Amino acid sequence: MSVWDFTGKRVIISGCFSGMGEAAARELVRLGGEVHGFDFRRSEVPMASFTEVDLRDPASIDAAVAKIGGPVDALFNCSGLAPGFPPLDLMKVNFIGLRHLTEAVLPLMKEGGAITSIASNGGLGWTQRIPLLMEFIAQPDYASAVAWSEAHPDIVLEGYGFSKEVVIAWTLLRCYDLIKRGIRINCTLPGPTQTPMMDDIEKVTPASVLEAAAQPSGRRSLPVEQAYPLIFLGSDAASYISGLALNVDLGFLGSVMTGQIDMRAMMGGMEQGAAA
Ligand SMILES: NC(=O)c1ccc[n+]([C@@H]2O[C@H](COP(=O)([O-])OP(=O)(O)OC[C@H]3O[C@@H](n4cnc5c(N)ncnc54)[C@H](O)[C@@H]3O)[C@@H](O)[C@H]2O)c1
């Protein structure tokens, strides 16, 4: 069997209704996986099963995972909410629910399993406040993470940037323990991608910021161009990769790191992290 193949693998993918998650679900089915989709909107992808799950409701997550049962070879966390929605909903969907789903699936995962989540370039500032992110991540469960978020509106702000920073920090934190069980965990940081979420992003993000975020190529990603690297990280082809936050942005971060794109000027007074 090829390392790219998903034949015989049981996969859970959240966020399979649209965008990157839908593209990834279609490709995983094509690669032979037994794909089980979760979303709060019914997906048309011909998967082995679809279960309605609202990441704002931990009971719905628990019920869905119990319904699928084990073993699970790969989990893809592709659900997400755009900037502009209530900050607490953003925290619940983009991180608190994502973590709850992952922790519920982990006992069903065998050695060789892989967790792959979508973060964002909107979380690039994560290295500047690691102790604070660790304080939040230390909240042990769904309810305490919600309570912490409610108590810290000055940190959570609009919700998107902070939630994405946490996904990255948590991914890197969890790799240490999980690899001792033979389980890998990674995330991707997409650049601007033409998905239904882009309509919401455009409502709250100046066009100049979105244009700058699509540099140096000058074009947005297609959903499937985000699905391929996600699937790679969740496949056996990535068997020696864990704790990676992979930029999928056609050279954006490379250009920032080498001083060819000035992120401060690009944000132009906008709250850093609010851009997708
Ligand atoms: N589009 C971009 O430019 C961009 C850039 C960087 C990161 N991202 C991230 O990529 C991920 C995928 O987003 P996308 O661009 O494909 O957008 P999308 O809106 O097409 O997909 C998001 C998916 O999440 C699902 N979802 C939303 N709320 C949910 C809830 N409460 N419970 C369960 N599922 C829920 C939606 O139904 C949808 O299927 C998100 O995490 C997003 O933040 C997007």
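Reader: Where is the place of Asp 62?

Author: Asp 62 sits in helix α2, residues 58-68. Helices (H or I, at least four residues) and strands (E, at least two) are DSSP runs, numbered from the N terminus. This is a predicted model: local features need pLDDT of at least 70 and side-chain atom pairs count only at pLDDT 80 or more, while totals for chains, interfaces and linings use all residues. Residues are numbered from 1 along each chain as its sequence is written.

Reader: Is Asp 62 buried, exposed or partly exposed?

Author: Asp 62 is partly exposed, because it has 15 C-beta neighbours inside 10 Å. A residue is buried if 20 or more other C-beta atoms lie within 10 Å of its own, exposed if 12 or fewer, and partly exposed in between, with C-beta atoms placed from the backbone.

Reader: How many residues apart in sequence are Asp 62 and Val 105?

Author: They are 43 residues apart in sequence, and 9.1 Å apart in space from C-alpha to C-alpha.

Reader: Now the sheet. What is the strand order?

Author: The sheet is open, has 7 strands with parallel pairing, and runs β3-β2-β1-β4-β5-β6-β7. Two strands pair if DSSP finds at least two bridges between them.

Reader: Which strands stand at the edges?

Author: β3 (49-52) and β7 (245-248), each with a single partner strand, so one side of each has no neighbour in the sheet. From one strand to the next the twist averages 20 degrees.

Reader: How many bridges join β1 to β4?

Author: There are 4 bridges between β1 (residues 10-14) and β4 (residues 72-77), and the two strands run parallel. Ile 13 stands opposite Phe 76 in β4.

Reader: Which strands does α1 touch?

Author: α1 packs on the sheet against β1, β2 (34-39), β4 and β5 (109-118), and its direction makes about 165 degrees with that of β1. Axes are lines fitted to C-alpha atoms, for helices over the stretch in contact, and angles run from 0 to 180 degrees between N-to-C directions. Two residues are in contact if their C-beta atoms, placed from the backbone, lie within 7 Å.

Reader: And which strands does α10 lie across?

Author: α10 lies across β4, β5, β6 (184-190) and β7, at about 155 degrees to β5.

Reader: At roughly what angle do the axes of α1 and α10 cross?

Author: Roughly 60 degrees, with the axes of α1 (residues 19-30) and α10 (residues 223-234) coming within 8 Å. That makes α1 oblique to α10. Angles under 35 degrees count as roughly parallel, over 145 as roughly antiparallel, 65 to 115 as roughly perpendicular and the rest as oblique.

Reader: Which residues of α1 and α10 make the contact?

Author: Among them are Ala 23, Ala 24 and Leu 28 of α1, with Ala 227, Leu 230 and Ile 231 of α10.

Reader: What about phi of Leu 157?

Author: Leu 157 is not a glycine, yet its phi is positive, about 50 degrees. Leu 157 lies in the loop between α6 (153-156) and α7 (160-179).
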